[in-house]
Structures are given as C-alpha cells and as structure tokens.
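Welcome! Take a moment to look over the structure below, and then let us walk through it together.

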Amino acid sequence: MELSVTQDNLAKALSAVGRVASSKTQLPILGNILLRTDSNRLLVAATNLEIATTQYIGAKVLKPGAITVPARLISEFISNLPKESVDLKVVGSNLHIKSGKYTSIINGVIADDFPELPTISEESSISYNIKTEDFKQAVSQTIITTSNDSTRPVLTGVYWHSHEGQLILAATDGYRLSERKLIDTKSEVSAIIPTQTLQEVLRSITDDSQEIDILFDETQVRFRINDTEVISRLIDGNFPDYRQLVPKTTSTNITIDKSDFVRITKIAGLFARESGGSITLTADEAKKSISIHSIASQLGENTSEASADVAGDGQVTLNSRYLNEALSVIDGDSVLFSFSGKLAPCVLKSADKNTNYYHIIMPLKS
Amino acid sequence: MHHALWQSVLGEIELSVSHATFTTWFKNTELVNNDESGVTISVPNIFAKKQFEVKFNDQILEILAKNGVSPKRINYTITATGKRTHINRETTVNRSDQTQTAESLLPSSNSTAYQTKSPLTAGGLNPRYTFDSFIVGSSNDLAYTASQAVAANPGVKYNPIYLYGGVGLGKTHLMQAIGNEIVKNQPGTRVLYISSETFVSEFLDSIRFKKKGFSEKYRNVDVLIVDDMQFIAGKEKTQEEFFHTFNHLHQNNKQIIISSDKPPKSIPTLTERLRSRFEMGMSIDIQMPDFETRCAILKAKASLSGIELGQETVEYLANNIKTNIRELEGALNQLLAYAEMRGISPDISTAEGLLGNVRHSRPQYITSKQIVEKTAKHFQLKVEEVCSPKRDKHIVVPRQIAMYLLRSELHMSFPKIADELGRKDHTTAIHSVEKIEKAIKLDYLVREQVASIREKLYA
C-alpha cells in the first residue's frame, strides 16, 4: 500500500473511527484501526464486534493494499502533525508515515487478521432519512431511561418501532420509561438498538451534518452521517408491552413553570443524598402551589415551594435524580406533571398540547 | 447428534487457531440443522456471521468432509444465546437493601418475554451438572462426599470448601452440582457461580468506570462459588477486595466454595491472610481417575447419548486416555459422531482407527529407559546419579519414584526393576514401591510429582 492523504482528512477520520477500537477485548487486533485502499479512496475502520465504524477519505493511491495499526498511537501521531499532506507506505507489516520533516514507522498487523466488516443490503432493508437535530433530541430523550442491567438485554437499548403510522422510540429500565414520536412511517419496524451504538452515533455527529440515513434489516442497523458509517448489531428479544403501563387517568395534575420546577428539585436533591435521592412532593390545590420536602438526618432538612396550577391534592415520593434527568430533556417552558397517589406511575411531559414526548417515573415506596 | 458433530469440528478448529480467536468467534455457536439443503450453523451476531462466511467457511467444509458430511453449502443464522455467562438475580437484590425502593414498572410475569435461550439458570449454574451425573471413584470420593455434605447444610459444615486438582477432573462439575442441589432443596437461595477471572475483570471495571454495586453484588448472596481461584494470584487489590467479600460472607454463615489447580499453599503470591482463610475450612484434592472410574465414566456418557458401548471399546478408550476426563469425553464424542455419520457401530476397530488421530503424538509404548530418564530430568538429576549406589536423600526419593513408576506403568517384576536401577536386591524395589504408594496417599508433594512425571511420559 502506498498513498497520500491530507493530514486534516486523516486526523478527522481517525478520531471519528478510533473511539470504537478497544484493547480491552480478547482479540488484540480489535485495538487496531484498519486502513485499506478502495480505488481512489482510503477506508478507515474499527470494530469492537458490537459496532463497526467506517469512514472513507479521498486519497492519491499509488499502490493498493491494507494494514492495521494501533488506534491510539496513529490517531495521536497524525493529530499532532501540521496541516500538510501525509504519505503512507506499507513495508512488510510496518506502516511508514511521512509528512514534511516528520517520519514514523509504526509496527502493525497484517489486515487479513482483521474481522470482516458486516455489510447491509440497501434493497432488502428499511431506510429513514432524519434531520440531525430531531435525531439528537429524540435519542437523548430516550437514552437516559435505558437500563445497564445485562441480565435483561432487551432493556439495554432503545426500542425503535412503528406504531399507528409513526416511528416511535421507547426505552425503560423498569423504574422509568420514556417515549418519543419521531417521524411518520409507512414501513413496519421493530428493532432494539444498543445504548452504546446510539451514543457512538451521537458522538459522530458534527456541526456540518444535516441529515442522518438509517438503514434497518432484521439483525443489524446502519447509520450514515456524511462519510461516516456506524453499523451495529440489534438486541435480540421482545421489548415489553409498555403501553399498558401508561396511566390513562390521573388524580393530581399540575402545570408548572419548568425552570421553577428544576430549581426546587435541585435544591431538594441536596438534602436527599443520604436517602438515595428520595424527595417528597406535595401538591395543594387551594394554595396553588407545589412543595418539595427532603430530609438528611446528618445535615438537616429542606422545604422548597413554587407556585403552580394544581388540579387535585396529592403527595408522592420520587428519586430526585430521575426527576432532574426527566426535566432536563423535556421541551418547552412549562411542564405537565401528573400522578395518582403514592404508588401509581407519574407522568411528565411538556405542557404544549402537540408534544411528542412523555416520561414516566415510578414513585419510591416510603 | 448435531452437537457431537459440531464438537468434533470445534475440536479441530481449536487446534488450528489462536485461543483468543477461538473464544471470540466460536463461543455460542452451534450446528442446528443438517439435511439435503445444507448445514446450518447458528452464530451469535452479524459480526460472527460475516467472519464465518468469509474466513472460516472453507475450513469448516473441509473438517465436515473429514467427518463424513459433505453439505452443498453452509448457511449461517443469527441466534441470541446467553450473552453473559453469569446471569444473576443480584441486581434486584441490592435494590431491596435500600431503605426505599422504586416499585418496578414491569410486572414480573413479563419476564418470560426477555428470557434468553441460554441453558444457564440464575447464578450462572448449568443444570446439567448434578450429583447424579457425577461418577464417583476412589480418586474423588472424598471430594464427592464433602460436597454432598455442603449441599445438604450450606454454610454450616466445611466453610469454605476448597477443591483442587488438575484440569478436566470434575472440579467445576462438583461445584456446580453443589449449587444446583442447594437451589433444588431451597428454592430462592441466591447462588452465584463465577470464575475468579470474572471477579477480577468486574472489579477492575468497577474501579475504572466507577461503577457502583460491585461489592453488593458479591456480598448479597447465600452461596458464592468461585472457579479457578489461581488466576487471582499476584493481583493484590483484587485479593484484598475478595478478602473482604470472603469475611463478610463467612461471618454471616454464607457458604463459600472455591476451586483451583493447586492447594492454597502452592499458589505463589497469594497473600497470607487469604491463604489462611482458604485453609480454614476443608481442602480436598481430586486426583486422576483410575482405570475403573474411567470405564464407568465412558459407559455413563455413552448411555446418555443412548448408545451401548462394548466392554472392549470402553476398556480400549480408558486404557489409552489416562490423564484427563475432558479428553476422554472428547474421544468418546468423536467416536460416536464418526460412527453415526458413517452408519457403523462404534466398536473397538472403529475406536482404534480413530484414536490414531487423537493420540498421534503419543508413544505407543513407554520403555523403562524413558521412565528413568524422565524421572531424573524432572528432579534435575543425571540418569547415572539415579542409578548410582549413592544414598543422598535428594537422589533416593527420585530413585524410589522411578521404581514405583516402572511397577505401576510397565508392571515390571521387582528383580527387573532393581536391575534397571543398578540395585542388586529386589527387596529394595519392593520396599521403594510400597513406600511411594503410601506416600502418594499421605503427601501432596509426592503425589503431585508422580502425577507430573506421568503427564510428561504420556505427553
């Protein structure tokens, strides 16, 4: 292999791809990045056998070929070079890199040992084209409620599925649940995408990307952002039928300014660290207010109050962290917060009638 | 018989690729179908599928052909099998320890929806390993009896119980049997089976990623089973963490079961406080099975597959594979698969033809000269020294061991043994053989030395 590329392109590709390479696995070559020529382009790829990321960059190819080299070393070397052209040349199993006054020889491993990268057929799969902004928001709204309990694999990802003509994202860890409607769809989709994959896609989004192409087939999914592709396995299994868990009616309904709600939740949370985040919310219809109470036996206690539109008195105990996280991803200036007594699920959503997102939190048993 | 066929394919591939490659790609694979349309192999994910299609396909076809199967093509399908080998209930357990808990959104009846197809039950136990399927012989009856006592009264008698012995002698089987028996007798008991390697890596993860719940996971169990303890050697911080876990469990009368390839004393770089704790319960070694036990194992395994093996065949296999039960089972599986594919009966001639493969690297006959040489080499002595009239202690014991081996492996007469080692009187040989026979029963060091020389002889 012998070729020239610009430092800028190569550094960007290496940093986009390199995060996936990991030396933690049993197979040492997974800590390497694959460089392979493809007519007049250079493929830069890495995989951890759950996800594979690839990027093509333009190159002046003198001699086709391939090599794998340790991810950290090459990324850091290339990113420290000045913005000039970089010459890459494979000699045996070594990669010779030359740029201006800088030369390096990196010991690599021949590319034959690198795992084959999965491919996805464009014809037999379902594709979506989603605005980066929408994607970012929808994923960050749902990803927070995924579980990291590996004994229930289906909960460790976000459930992308079609329902009544819409593509819907849902996730639950058994204690909270979130659902976001993304776009209209005519196709039938049902796929659980691993949390790690979605985080990787979020990180791959750069300022100049406008749209994301998503391609599903039965066992895998591919995301394409500009020239970067992320291919991942899907989680096998049936996502629980979560819609039956959403309460249809609630006895206490509160509309409150979001920033007020965030403030009193955060303050109350300071006194809830000892008790595992437990805070008690009381809604008073006559006083038109909601108050939060928390106790730390060693430190002291706190009561904070904010005015709100309240329909129906009630009290509920929640984990302040869960409440905080939910509020941080809800759109709009005011929030609708509803619950029914101390045991039933609480629902949080934007007070805007056309909202496409809701979040459910289970109360703590006191 | 798909499983047996696939096992023989795996067996051959394992020899040709590196260990890391083998565990990365061939774990959780299975041959699921074999008919006119071809062979179907299930693999865990898309990455494995692609890798098999491109890199391993030809090799698998070739090995299948050797086993008498020549499919038109191989299809690969993706099935989720147990992704983690340790499936446990602890995550729900440690939540209930907090003063307040969030009521779960998901009703527990839903849980069937996301059970994996893995045969593993909770706690990483494999239900296949039971006391009933364990074959008892003189080499392991003490370990067996003690394990049963532990299973009957966990946490009361023999805590911890420490089982040690070479590879493939049934340590894991016994430990899992204890776990399974306890779960059977007292459903709801929290049993956790892990290898010490899992403990180490989870501990490192908990430090590295500041994950919480590590110590709770291990401290909230009723029975903790740790396999292959020797891998914790030299890892100081992990040993310290394990020490605290151990103390916590022991104080609360929770049963701890440990296995290793060596007794606690012989594990280098095991901290003193862990060593003394491992020794405070009961340590038992499991030895190589004798000829009769090997025969019994073979018969039991064969009848599990629904095949009756002739006494001759059984004796032939048992005679030829002496060191390791896993190898014994492998040879049997290969024989059964081969016979099934070819439609012939698994008799002694088939076995002879096939075992040529298994033990191609082994000498058919051991000579007396080899025994003396290997023994001398093991003790870093010269053959002349062993055969000399010198009576220094460091030479006498090796000489006696050599005599013992000549007797036990070659059934030589005492006068010939004496002659072989330059002794005039055959009573010396009788005395030596008896002495080592006794020492083997009493002294671990002697037993280990004899075993390792024997291993070298047959290696």
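Axes here are lines fitted to C-alpha atoms, for helices over the stretch in contact, and angles run from 0 to 180 degrees between N-to-C directions. Keep in mind that this is a predicted model.

Let us begin with chain A. This chain holds six helices and 27 strands. Of its 366 residues, 44% count as buried. Among contacts in chain A between residues at least 6 apart in sequence, 66% join residues at least 24 apart.

Next comes a pair of helices. Two packed helices are described by the angle between their axes and the distance between the axes. In chain A, α1 (residues 7–18) packs against α2 (residues 71–79) at an angle of about 145°, and their axes are 9 Å apart. The crossing of α1(A) and α2(A) is left-handed. The residues that meet are set out here:

| Helix | Residues in the contact |
|---|---|
| α1(A) | A:Q7, A:L10, A:A11, A:L14, A:S15, A:G18 |
| α2(A) | A:A71, A:I74, A:S75, A:I78, A:S79 |

By class, this contact of α1(A) with α2(A) has six nonpolar, five polar and no charged residues.

Now for the nonpolar cores. The largest has 144 residues, and A:I33, B:L298 and B:L317 have the most contacts inside it. Helix α13 (residues 325–342) of chain B gives the most to this core, with nine residues. Leaving aside neighbours within four places in sequence, A:I33 is in contact with residues including A:L14, A:G18, A:A71 and A:I74.

Key:
Residues are numbered from 1 along each chain as its sequence is written. Chains are lettered from A and ligands numbered from 1 in the order in which they are written. This is a predicted model: local features need pLDDT of at least 70, side-chain atom pairs count only at pLDDT 80 or more; totals for chains, interfaces and linings use all residues. Helices (H or I, at least four residues) and strands (E, at least two) are DSSP runs, numbered from the N terminus. A residue is buried if 20 or more other C-beta atoms lie within 10 Å of its own, exposed if 12 or fewer, and partly exposed in between; C-beta atoms are placed from the backbone. Two residues are in contact if their C-beta atoms, placed from the backbone, lie within 7 Å. A crossing is left-handed if the near helix is turned anticlockwise from the far one by less than a right angle, and right-handed if clockwise. Ala, Val, Leu, Ile, Met, Phe, Trp, Tyr, Cys and Pro count as nonpolar, Asp, Glu, Lys and Arg as charged, and the others, Gly among them, as polar. A nonpolar core is a set of buried Ala, Val, Leu, Ile, Met, Phe, Trp, Tyr and Cys residues joined through C-beta atoms within 7 Å.
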